[in-house]
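The following note sets out points on the helix packing and surface of the structure displayed below. Please read it alongside the coordinates.

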Amino acid sequence: MVLSTVLFGLMAVCIRLASKQLHAFEIAFFRNFFGFVFTLPLLYKHGFGILKTNKLSLYFMRCVIGIVSMLAGFWAIVHLPLAQAIALSYSTPLFVTIGAVLVLGEVVRARRWTAVIVGFLGVIVLMHPGSGSFTMGSLVALLAAVMSASVAISIKFLSRTEKPDAIVIYTTMIWVPLSLLPALMYWTIPTGITWLWIVLSGGLGTTAHLCWTRALKLGDASMLTPISFLQVLVVGAFGYFLFDEQVDRYTFLGAAIIFGSNVYIARREAKLARRAVTDPDINPETQQR
């Protein structure tokens, strides 16, 4: 998870560097194209049999939602201070909790709802609407978080039957043509060192995604969630040294509130999951054992 977090942070830095020449939508296409290239070793390892699925329509729906999230997220990374753009993306678990209730029918009780409300207060602090520094870019970053939450809900469905590597391969493969269409509206041939940044964005993004799926398979999400917040520190440091960006008190305080809310939600979900396995009042099936 540490490696995944650092790699995702470095990908955001590469996106910002590439934006000196390319539009965010074109960067998204190249990130997906080279990301798919970096998945080819997985396809070679598993063979084409890994692509066998009866969930192709769900894959496509997940990718359509995901490409909206990616385009909005890349646009925010290009137009907002890096630390603020990444910190706003951490509101995704708040929307996942709401989506789990509306779509998956999960039961969320008072303490987790309180954590969600506190998290949204952190979002308001981070965006500080009404101030001179509030921009529409903050709303675009929030849109990316909402769409990312929708993606997370769809992955919960897919992961019940699909292998993690298959999800990564299918996702990057479908994203290539989907991201090409908006990229063509702003097409510019990359030159010079920009090629390095877009190739790295693809490689770093795919590798980070693979590390992330492995981490969630090997460890408890409640333990891993705090580690992922390291990304804010990584992009904040690069934003300061490369782009002369300052992390203001609103970004720091809002990010800290969102972070605390996410950690509580993750730990609460893990505790309830363990109780569901051992407590016959929650899981009647355990009475038979």
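1. A crossing is left-handed if the near helix is turned anticlockwise from the far one by less than a right angle, and right-handed if clockwise. By this convention the crossing of H9 and H10 is right-handed. The contact (heavy atoms within 4.5 Å) involves Pro-164, Asp-165, Val-168 and Thr-172 on H9, while H10 contributes Thr-206, His-209, Leu-210, Thr-213 and Arg-214. By class, the contact of H9 with H10 has 3 nonpolar, 4 polar and 2 charged residues (Ala, Val, Leu, Ile, Met, Phe, Trp, Tyr, Cys and Pro count as nonpolar, Asp, Glu, Lys and Arg as charged, and the others, Gly among them, as polar).

2. The model is predicted: local features need pLDDT of at least 70, side-chain atom pairs count only at pLDDT 80 or more, and totals for chains, interfaces and linings use all residues. Residues are numbered from 1 along each chain as its sequence is written, and side-chain values use heavy atoms, with hydrogens and water left out.

3. The chain has 13 helices and 0 strands, these being DSSP runs numbered from the N terminus (helices H or I, at least four residues; strands E, at least two). Of the contacts with a separation of 6 or more, 88% are between residues 24 or more positions apart.

4. Beyond its neighbours within four places in sequence, Thr-206 is in contact with Arg-31, Gly-35, Phe-38, Thr-39 and Thr-172.

5. H1 (residues 2–18) and H12 (residues 230–243) pack at about 30°, with axes 8 Å apart. Their crossing is also right-handed. Among the residues in contact are Val-6, Phe-8 and Leu-10 of H1 and Val-234, Phe-238 and Phe-243 of H12. The contact of H1 with H12 comprises 13 nonpolar, 3 polar and 1 charged residues.

6. For the chain of 289 residues, 49% count as buried. Its accessible surface is about 14,400 Å², with 69% belonging to carbon and sulfur atoms; areas come from the Shrake-Rupley method with a 1.4 Å probe.

Methods. Buried means under 20% relative accessible area, exposed over 50%, partly exposed in between (1.4 Å probe, protein chains only). Axes are lines fitted to C-alpha atoms, for helices over the stretch in contact, and angles run from 0 to 180 degrees between N-to-C directions.
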